[in-house]
Amino acid sequence: MSAVVVALGRRRLRIAEGPRLLAGIADGPSLEAHRRQWPAVRAVPLEQLATLAEGMQLRGRGGAGFPFATKLRTAAGRGAVVVVNVSEGEPASFKDAALALVRPHLILDGAELAASALGARTVHVVLPGEHAAVRESLLAAIAERDGGPAFRTHVADQRFVAGQARAVLELMAGRPNLPVTSWQPEAVAGHRGKPTLLSNAETYAQLAAAGALGSDGFAAIGLASEPGTTLLTLNGESEGPVVREAAFGTPWSMILAPEALNAPILVGGFHGAWLQAGALSRSEVSRAELLRLGANIGAGIVLPLAVGACPVDETARVVRYLAGESAGRCGPCLNGLPALADAMDALADGSGRERVAELTGLLPGRGACAHPDGTVRLVASLLRSFEPELDLHAAGRCGFAILRRSA
Amino acid sequence: MSTHRLRVDWPNCKARGLCFELLPELVSLDEWGYPVVAGEVTAELLRDARAAVRACPHLALRLVPTPPG
């Protein structure tokens, strides 16, 4: 399979040729190459665009999975604002970076389509603070375009919660890029109180594809119940992150190597859920299927556990990292996540399961953003999927460490 | 009749605990002194809930209509 390899800081990001959004990526990110493959944006009225989004069952690809059509209809109003979120604060996710590097114009086409339907003259693009190459790619793409909306760019902080919707609006308002309490959905009252369509970069790229292909063309690949494709970041392999595009319905066995399928897998990133080894062996890429297994596709992060690593130790390490990523503004998160990290360390050492249970009951729903909720979700999935492993830890042993020694 | 619930503006809450003092029926405090707010505000507690909202020194407590569904 052909792939484009991009240097991203010290990492090498592999972007695999894909069936739709990532098709023809070897031709480069220029507008000229893009237009050979994708037609110029044809403006459509708002209701037609909403119907299209509904038909393709477009859900936000930033993690929360909110139905895009609902958001679009809600944002229809005087002075509507369009925001493209490319901040990708989750460190294990590279799919928006990949898209911005190889297909920046598809993201911008989708934003242009939404802006014209909403009558918005300006599109705000929120760039990641972390990757200069991603910023440069999008800025170069914006400079190449003419006609269409004006693009205004902002640079997000390098922080896990910086990409959260309200944190993004704070950044755009010139305040610290941190979450604040949302009293109304952004689509009702967002940037400067105006109705705001704030969506993830991939969401706009998928919208652009649907605008160009039409409803039937879009549904030509994927499942009848989940048309089209999704971007995935596959991580945990020695060669670094790989971004792949998969049609819904693709067997996971065609995407993951056998050793990855036979390892515990973290799906949905650091706010996601652990699945037991082999859980995906006979499963396919599908939101519904993952929900049935107890996971959410989220932003498309799939992290197989490395050979010899232990899911309990790994989760304790991730919770400690997430505790450090708290913006520190909400009491229950500021105090609760470090306490949960301590409890997870104790759990890895074989004690304190009650304390973990107490904290996972106490933290959700008590913050300006869902950072504590996501962290608790990760821990809860560990407790659910690795009960026998936790018993081993309580007895002072670790099944995974034993595997490592015998390997 | 419309129903209400209490919402905390978490970044502004500084764990002063007045809501708990005024409305122990609905508010308890966690181990760090931050409120844990229970369920719906019943009609008979509405007055006390309004008092708790007014008393918050950081204006971090609000009474909001329960969303439909």
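Helix α7 (residues 165-172) of chain A is largely enclosed by the rest of the structure, because seven of its eight residues are buried, where buried means under 20% relative accessible area, exposed over 50% and partly exposed in between, with a 1.4 Å probe and protein chains only. The model is predicted, so that local features need pLDDT of at least 70 and side-chain atom pairs count only at pLDDT 80 or more, while totals for chains, interfaces and linings use all residues. Residues are numbered from 1 along each chain as its sequence is written, chains are lettered from A and ligands numbered from 1 in the order in which they are written, and side-chain values use heavy atoms, with hydrogens and water left out. Helices (H or I, at least four residues) and strands (E, at least two) are DSSP runs, numbered from the N terminus.

**Helix α7 of chain A**

- The buried residues of α7(A) are A:Arg166, A:Ala167, A:Val168, A:Leu169, A:Glu170, A:Leu171 and A:Met172, and their cover includes the strands β3 (81-85), β4 (122-127), β5 (150-155) and β6 (196-200) of chain A, with contact meaning heavy atoms within 4.5 Å.
- At the start of α7(A), a side-chain oxygen of A:Gln164 comes to within 3.1 Å of the backbone nitrogen of A:Arg166; a polar contact is a pair of N or O atoms within 3.5 Å, of which, within protein, one must be able to donate a hydrogen and the other to accept it, and residues adjacent in sequence count only if both atoms are side-chain atoms.
- A:Gly174, which follows α7(A), has a positive phi, near 85°.

**Buried arginines without a salt bridge**

- A:Arg103, in the loop between α4 (95-102) and α5 (104-118) of chain A, is buried yet has no salt bridge, and the nearest side chain of opposite charge, A:Asp27, is 6.2 Å away.
- A salt bridge is a side-chain nitrogen of Lys or Arg within 4 Å of a carboxyl oxygen of Asp or Glu; Lys and Arg count as positive and Asp and Glu as negative, whereas His and the chain ends are not counted.
- The side chain of A:Arg103 makes a polar contact of 2.5 Å with that of A:Gln37, and, not counting residues up to four places away in sequence, A:Arg103 touches residues including A:Leu21, A:His34 and A:Trp38.
- A:Arg20, in the loop between β2 (11-16) and α1 (31-37) of chain A, is likewise buried without a salt bridge, its nearest side chain of opposite charge being A:Glu245 at 5.9 Å.
- The side chain of A:Arg20 reaches the backbone oxygen of A:Phe218 at 2.9 Å, and one of its polar atoms lies 3.1 Å from the backbone oxygen of A:Gly217.

**The seven-stranded sheet**

- Seven strands of chain A form an open sheet with mixed pairing, in the order β1-β2-β8-β7-β11-β9-β10, where two strands pair if DSSP finds at least two bridges between them.
- The edge strands, each pairing on one side only, are β1 (3-8) and β10 (273-275) of chain A.
- Strands β7 (residues 229-234) and β8 (residues 242-247) of chain A pair in the antiparallel sense over six bridges, and A:Thr230 has A:Ala246 in β8(A) as its bridge partner.

- A:Gln57, in the loop between α2 (46-55) and α3 (68-75) of chain A, has a positive phi of about 50° although it is not a glycine, and counts as partly exposed at 42% relative accessibility.
- B:Ala15, in the loop between β1 (4-8) and α1 (18-22) of chain B, has a positive phi near 60° and counts as partly exposed at 25% relative accessibility.
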